[in-house]
There are 4 protein chains.
Amino acid sequence: MSEIKRFAIMGVGGYVAPKHLQAIYDIGHVVIAAMDVNDSVGILDRYFPKCQFFKEFERFERFLTKEKREGRGIDYLTVCTPNYLHDAHCRFGLRMGADVICEKPLVLNPWNLEALIEAETQSDHQIANILQLRHHPEIAKLKSKIDQSQGRHQVILNYITPRGGWYDVSWKGDKTKSGGTTTNIGVHLFDLLLWIYGPLEGVVSLDNLPRTSLGSLRLHKADVQWKLSIDFAELPNGQPSLRQIICDGEEIKLDYGFDGLHKVCYERIVAGELIRPKDLRQLIDLMHQLR
Amino acid sequence: MSEIKRFAIMGVGGYVAPKHLQAIYDIGHVVIAAMDVNDSVGILDRYFPKCQFFKEFERFERFLTKEKREGRGIDYLTVCTPNYLHDAHCRFGLRMGADVICEKPLVLNPWNLEALIEAETQSDHQIANILQLRHHPEIAKLKSKIDQSQGRHQVILNYITPRGGWYDVSWKGDKTKSGGTTTNIGVHLFDLLLWIYGPLEGVVSLDNLPRTSLGSLRLHKADVQWKLSIDFAELPNGQPSLRQIICDGEEIKLDYGFDGLHKVCYERIVAGELIRPKDLRQLIDLMHQLR
Amino acid sequence: MSEIKRFAIMGVGGYVAPKHLQAIYDIGHVVIAAMDVNDSVGILDRYFPKCQFFKEFERFERFLTKEKREGRGIDYLTVCTPNYLHDAHCRFGLRMGADVICEKPLVLNPWNLEALIEAETQSDHQIANILQLRHHPEIAKLKSKIDQSQGRHQVILNYITPRGGWYDVSWKGDKTKSGGTTTNIGVHLFDLLLWIYGPLEGVVSLDNLPRTSLGSLRLHKADVQWKLSIDFAELPNGQPSLRQIICDGEEIKLDYGFDGLHKVCYERIVAGELIRPKDLRQLIDLMHQLR
Amino acid sequence: MSEIKRFAIMGVGGYVAPKHLQAIYDIGHVVIAAMDVNDSVGILDRYFPKCQFFKEFERFERFLTKEKREGRGIDYLTVCTPNYLHDAHCRFGLRMGADVICEKPLVLNPWNLEALIEAETQSDHQIANILQLRHHPEIAKLKSKIDQSQGRHQVILNYITPRGGWYDVSWKGDKTKSGGTTTNIGVHLFDLLLWIYGPLEGVVSLDNLPRTSLGSLRLHKADVQWKLSIDFAELPNGQPSLRQIICDGEEIKLDYGFDGLHKVCYERIVAGELIRPKDLRQLIDLMHQLR
């Protein structure tokens, strides 16, 4: 029987936090402390009603320090704050003597990644990046098919998930905070492409418009035409979103099957199967090139 | 065929905002602008993807001023910000030439109410307070039964809706911002009691503990024993919440039937049937007495 | 004997606020209320120890509303908040039934100016912009000399006032908030040029670097070469700043004589001599063109 | 010739920061990085125009981490943030491999002090608390006189330094953030009393009013009557402040001689003469008792 792990979570008031709370809950662990600058966090009661909540980093740090001094330190820190804060919060988790589980993108820039790899090396703990789409059933099938295939493939990726004007006003619309759409939304997709068809051999073309980006990549096993957009005008008539990978003319739809992927990630991580900072060098380099 | 009304909403990032968005959407009107200091507001896309969003009051004011100058002013301002900001935001709506729909409690103190009544009088517009429980089917039945009854009633009110530690850290836990539990949660229930059994003849007893309050009231048609709590320890074994009114020994359960009540409120308000500031003097006085 | 005027001030925690407090104090008036999101405002005690202070706009609004209802409304609202908030705060002052005294630049964009002119027209009150350099003794002399002169002049303007890296990180470094260096620092100087040599006949050239801007203007009475910079590297050896206007080869130094200019502005304004929004159309247009 | 030490400073936008900048400047060291949530920090240019500034803790952390990785870590972190953040920021300094210089009061509660002592023990670095009044010339004289004296003394301490209403609205007026007046203002004075006449034998009486506190202490060498106030009404006619210690009927005035005391503190600290957390147990205990 495995022991119950103690988690803390940063960014609990944001959009993605419920998926983490649900995953931790589902696999039987416990969140003992949470923080967010936004105090609209009633969601905590659904999963962990005894969780301590903090609006200020310093009070959160004080609480975790006290718990640790008294022999009740956390095992894991989950980081789902805005992207540009990830590396600082990951380092904080390591310093508190915890392993870290961090939302994507792990960091914005290659130099942030190297700093994090160094911090991880100097600690006794590890950082795991959440890239849940690798566990999507259609993706898993595609990956195993390509692994067994010979020759190059022709791949078209379209990912049109419109967002209203709020997106541009929020931190997600600030390139220095989110990395922009290619990073914030695209990181998943470029990770899949590299994972399945990589490594990268070159960025062939690139066109960054305000709410749409597109380009082509040369990967070891594929030529890829990609397009990412948060613009309603890019959608085919009447559809709410378009998420497709077309490989050699065969379409893979990604509009379903997302539920529960965070749980799979958490199970793998707790079992010791991690996507670590050092595994992300090529991805973070590519994100950087695409800006 | 009625015309489409233009709404703006303040506090769109908070807990109760989705109910307002849903209600406005359901009755066929449109939200053109929204603001919140918290930018986690993707919910807007579900209802009004073309809505403008603002993180700063001043930019929101500028946009609404521009719309008004160009003949596209808003018809309604919906206010679902923290309680202590309600009166300032209601006055802002009136100044922008709009009617105002405001979450409960309308204000924290009797003097805030008088200032708001005066502002309303000096404008050509009106303020409507949302008190949706009056439209709950069980409550409507009770109200009509009591209206036809003679004599006094014995009423017990228990409202135990536990909240975790985050509640105390959030603005809801700050008495100067929320009015405390008796106001923030209790305002609904005291409104029902006054509406059905009132007017108030006296506060007989009162006991305010940190997370629980209880007391007894003498109303024109009833003696009331009430208890409000956000403490898990107050719950009967295994229940997630307890919401009951026992009138002359007969229990009315309020644990269901909340869905859609905001829609009813909006329909009534747009039809001109309002609970206005001047209708709330007794309620706000009572809230003030109970602190 | 003139009566004591009642002031409120927004932005009291910022860099320029002490000049306003000093001016109001020196001419014998009183500040009854102040607000800033930053609470490091001990400066108030030096001038107006009985002043009420507010960290939140809504509580400030509530206090001023109460004062007004009780017949003690403010006569003037002084606005020294970040530039992009000026117009919203000016409108707030008008709505509170006060005249407004606003720091430069009054607004960032021509359309903001028109909205403000309209708001002023619809109120019984006026907005005065602070442009204190017009009262600098050297400038007054130059103005009267040019007024009496014939023909065109050759003018060189150099204004090098270095700022450290904090400037770029602060709201002053955010073009959407300050208008950038040409607006935030340059507005004074372009106002002087237009006032003395105007009106504008054309922007001949323009070069905007990150921390330095330069260009040439054709004015009715002069050809102007200007350079503005906040870069230490632009300074002549060993000098802390360079502020000069060279008119037909004759240098006017602006490195002294700034003390007390706000007081002169306040005296003029209270005496009814205002620089009003409608007087600023050409200046705000030019600022807009230079971005 | 001593080497130039590299400093970073947190809380650079606040009231006391200029004294630290001046002291560091005067003794020939350099501030390379500063942070504050408030960006009105032009003061930096007067001392350290090349200093990097950050509005967010995480970006400050990232910069200091980078500097450290590249062999240019800081020697000292100066902490002059609001009191309740001191311990978290001190721990941050230790984790960054720096010695820490922290404003008074070092912490608010005895348990915060123990946690800090433990953190210091586990690091290779030290924390120094600024208590500059010990270096005041009158205090130094008194200390040496009492050290040589026999028997008990009768001491009256009056410290009336009025503050306007802003004080109560600011973090200084929030007991959970400042510790209240007895802590925020009194910590200096109680430190002197304990240092000169201590150790503490008992708190004889105590009266805490909203803006005034008073009481009596039994110290090893003295009976003390003390009064602290920020209320204008407590002042003798016409005086701006009253700062006096009356020892056996002889008055020591503390209304002058404050300039340069921070410089003395910094000189001593850099020379290795520190007031460390473990030296403050009695003082922090007393502060706690007085609340």
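Since 100% of the interface residues of chain A are also interface residues in chain D, these copies meet through the same surface. The model is predicted; local features require pLDDT of at least 70 and side-chain atom pairs count only at pLDDT 80 or more, whereas totals for chains, interfaces and linings use all residues. Residues are numbered from 1 along each chain as its sequence is written, and chains are lettered from A and ligands numbered from 1 in the order in which they are written.

**Relations between copies**

- Two copies of a chain are related by a rotation about an axis and a shift along it.
- Chain A is superposed on chain D by a rotation of 180° with 0.0 Å of shift along the axis, at an RMSD of 0.0 Å; the C-alpha of chain A nearest that axis belongs to A:Arg95, at 3.9 Å.
- Superposition is by least squares on the C-alpha atoms of residues with pLDDT of at least 70 in both copies.
- Chain B is likewise brought onto chain A by a rotation of 180° and a shift of 0.0 Å along the axis, with RMSD 0.0 Å. This is the relation of a two-fold axis.

**Contacts between chains**

- Between chain B and chain A, 26 residues of chain B are in contact with 26 residues of chain A, where contact requires C-beta atoms, placed from the backbone, to lie within 7 Å.
- On the side of chain B that touches chain A, the elements giving two or more residues are α2 (44-47), β3 (52-54) and α7 (166-169) of chain B; β3(B) gives the most, with three residues.
- Helices (H or I, at least four residues) and strands (E, at least two) are DSSP runs, numbered from the N terminus.
- That side of chain B comprises twelve nonpolar, nine polar and five charged residues; Ala, Val, Leu, Ile, Met, Phe, Trp, Tyr, Cys and Pro count as nonpolar, Asp, Glu, Lys and Arg as charged, and the others, Gly among them, as polar.
- Chain A and chain C share no contact, and their closest C-alpha atoms lie 12 Å apart.

**Domains of chain A**

- An automatic or database domain assignment supplies the bounds: domain 1 of chain A covers 6-131 + 260-276 and domain 2 covers 137-253.
- The centres of domain 1 and domain 2 of chain A, taken over C-alpha atoms, are separated by 27 Å.
- Seven residues of domain 1 of chain A contact ten residues of domain 2 of chain A; the domain 1 side has five nonpolar, one polar and one charged residues.

**Core and strands**

- The largest nonpolar core has 175 residues, of which B:Ala34, B:Val100, C:Ala8, C:Val31, C:Ala34 and C:Val100 touch the most other members.
- Such a core is a set of buried Ala, Val, Leu, Ile, Met, Phe, Trp, Tyr and Cys residues joined through C-beta atoms within 7 Å.
- From strand β5 (residues 99-102) of chain B, B:Asp99 and B:Ile101 point one way and B:Val100 and B:Cys102 the other, and all are buried (20 or more other C-beta atoms, placed from the backbone, within 10 Å of their own).
- Strand β4 (residues 76-79) of chain B pairs with β5(B) in the parallel sense over four bridges, pairing requiring that DSSP find at least two bridges.

Notes: Two residues are in contact if their C-beta atoms, placed from the backbone, lie within 7 Å. A residue is buried if 20 or more other C-beta atoms lie within 10 Å of its own, exposed if 12 or fewer, and partly exposed in between; C-beta atoms are placed from the backbone.
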